[in-house]
Amino acid sequence: MNSKAADRVATGVFVAIAIVIVTILVGLFFYIFVNGFKYISFDFLTSPSSNVRAGGGIRDQLFNSFYILFLTMLITVPIGVGGGIYMAEYAKPGKVTDLIRTCIEVLSSLPSIVIGMFGLLIFVNTTGWGYTIIGGALALTIFNLPTMVRTTEDAIRAVPRDLKEASLALGVTHWHTIKTIILPAAFPSILTGAILAAGRVFGEAAALLFTAGLSTPRLDYMNLNPFSEQSPLNIFRPAETLAVHIWSVNTQGLIPDVNEVASGSSAVLVLSVLVFNLLARWIGSLIHKRVTATK
Amino acid sequence: MMTAVKERTQVDLTVQPTPIEVKSENIIAVRNLEIFYGDKRAVNGISLDIKKNSVTALIGPSGCGKSTFLRSINRMNDLIPGARAAGEIIYEDLNILSQDINVVALRKEIGMVFQKPNPFPKSIYENIAHGLKFAGIRKKTELDEIVEESLQKAALWDEVKDRLHKSALSLSGGQQQRLCIARSIAMKPTVILLDEPSSALDPISNAKVEELIIGLKKDYSIIIVTHNMQQAARISDKTAFFLNGDLIEYDNTKKLFTNPSVKKTEEYISGRFG
């Protein structure tokens, strides 16, 4: 086979792989949406779920998912970005840094069910909180932190060294250079990392089963006092998320419309992840354009 | 510009004075400077004086230690793991290689422009305001004034005055390099170090940068590393020839290029090696 033919074959193989990937994605979306869209209605999104009768909605699960996502990112992003800055800018090469890096890698490869069991031990039993939103958010933080540290470190290392030197050569301190030059330049990659982490939080079920629980108390959305039992904002209440709900109605649901609820929930879940993704990217690019003065 | 030196009131270069005396016409005195990367010695004990308000060119083949020497003058080598220096570089009666030196304050006085234009991915205005804001200048009118003044001095003002808030990356390579020089000038340094500032530029941009450097020497002391010997001959007052970490010859540029006293220098400038 001459080199020209080999080149053509290689191109063909890669195009085929690309087609397979796209087909799987499109097929999956198509399947989920075709099966789920017909069950999504205003009523479905705004009524509480039912335990035995048909016609339950996913209002509380949807809210719980977003609320846990918000809390998790609130904890993960500052610590993760801080850790990434440390690893990229301050950690001296050596045994300690290698040890930290190994820990991060091991932590990021732990199965989420194991993190769920650990969460049960620490955030549910040891603390005596029981199943809580904050317990779930902390478990998800453990799950996400390594990825966040890693992506931040990579993003910072990818910023050209020239920029850092240029700023230092002007008599600007290391920390101010990180704040005003390096982090803005690394922002798009850090944002991508955060979005990926958020997608994982949104779809995670295993780590939440034993930490945030399988039930939601009766919520009163008019009650905004975060210390009240009925308030949706209370972080010390159990909370079933959408992903957990899909799992639980499928495995132990007594309702007659299990399929409808599961399909509708799946479609809502995928749609939420998509919308969240696009929104975050759009806002991120607006911020980036503002900072870099590109139009 | 003597005032720039005297103006530095808040600058804190606290360290004990050294016995070596720097003649008033000189701004920097280097004594027995050695620089190591790990075990490898890159600069072998050199001594020279840098004259105030003049252009000093450092020439020599790649790897001869001239850039390493240049980067040690504002302690940029601190960023390289394993790099260390011995000997003395005296500036303002202080050995700036000392551990007690406030490196941040030092770099504000001894600015640097790099080989590859490296503007920040921000607007033209913000590129210059970056260092100023850190130095505590917050007032818009004051910032505006210094930005304009610096761009004027860097001969860039007329080309960018209508698009100060556009991205600096939209400028051409030559304009970017002049912006980097303007950014340095804005900090009101006394010394500007230039590390092959025009080697990445086309001939026309190069000519503009050279013209700019000659114009700057009445206000600043300039040390420039260059691979281009014509450039050294055109713009510098004194030239130092480096080879394998040694300072081979250091003299007035005219003398060094027309009548070098060392054979190696003659061979290098006539293109027999390097």
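Guide: Let us begin with Leu71(A), which is found in helix α3 of chain A, where helices (H or I, at least four residues) and strands (E, at least two) are DSSP runs numbered from the N terminus. Please keep in mind that this is a predicted model, in which local features need pLDDT of at least 70 and side-chain atom pairs count only at pLDDT 80 or more, while totals for chains, interfaces and linings use all residues. Residues are numbered from 1 along each chain as its sequence is written, chains are lettered from A and ligands numbered from 1 in the order in which they are written, and side-chain values use heavy atoms, with hydrogens and water left out.

Visitor: Is Leu71(A) buried or exposed?

Guide: Leu71(A) counts as buried because its relative accessible area is 11%; buried means under 20%, exposed over 50% and partly exposed in between, with a 1.4 Å probe and protein chains only.

Visitor: And what is Leu71(A) in contact with, leaving aside neighbours within four places in sequence?

Guide: With those neighbours left aside, Leu71(A) is in contact with Ile133(A), Ala137(A) and Ile235(A), contact being heavy atoms within 4.5 Å.

Visitor: Changing topic: what volume does the largest pocket have?

Guide: Its volume is about 880 Å³. On a 1 Å grid over the protein atoms alone, a pocket is an open set of points with protein on both sides within 12 Å along at least five of seven lines, whereas a cavity is a set where a 1.4 Å probe fits but cannot get out, and lining residues have an atom within 4 Å of a point. Points are joined across faces, edges and corners, and a volume is the space filled by probe spheres set on them. The largest pocket is lined by 29 residues, and the closest to its centre are Ala88(A), Glu89(A), Lys164(A), His174(A) and Leu79(B).

Visitor: Which helices supply the lining of the largest pocket?

Guide: At least two lining residues each come from α3 (59-90), α4 (95-108), α6 (133-157), α7 (161-169) and α8 (174-203) of chain A, and also from α3 (103-109) of chain B. By class, that lining has 15 nonpolar, four polar and ten charged residues, where Ala, Val, Leu, Ile, Met, Phe, Trp, Tyr, Cys and Pro count as nonpolar, Asp, Glu, Lys and Arg as charged, and the others, Gly among them, as polar.

Visitor: What about the second largest pocket, then?

Guide: The second largest pocket has a volume of about 500 Å³, and of its 21 lining residues Ser49(A), Ser50(A), Asn51(A), Gln61(A) and Glu240(A) lie nearest the centre. Helix α10(A) gives the largest share of this lining, four residues, and the classes come to seven nonpolar, ten polar and four charged residues.

Visitor: Over to chain B: how many helices and strands are there?

Guide: Chain B has eleven helices and ten strands. Its radius of gyration of 18 Å agrees with the value near 19 Å that a compact globule of 274 residues would have, the radius being taken over C-alpha atoms and the rule being 2.2 Å times the number of residues to the power 0.38. Buried residues make up 54% of the 274 residues in chain B.

Visitor: Which residues of α4(B) are buried?

Guide: Eight of the eleven residues of α4 (124-134) of chain B are buried, among them Ile124(B), Tyr125(B) and Leu132(B). Their cover includes α7 and α8 of chain A as well as α5 (140-153), α6 (157-160) and α7 (173-186) of chain B. Just after this helix, Gly136(B) takes a positive phi of about 100°.

Visitor: Which residues other than glycine have a positive phi?

Guide: Among them are Arg75(B), with phi near 60°, and Glu92(B), with phi of about 55°. Most residues other than glycine have a negative phi.
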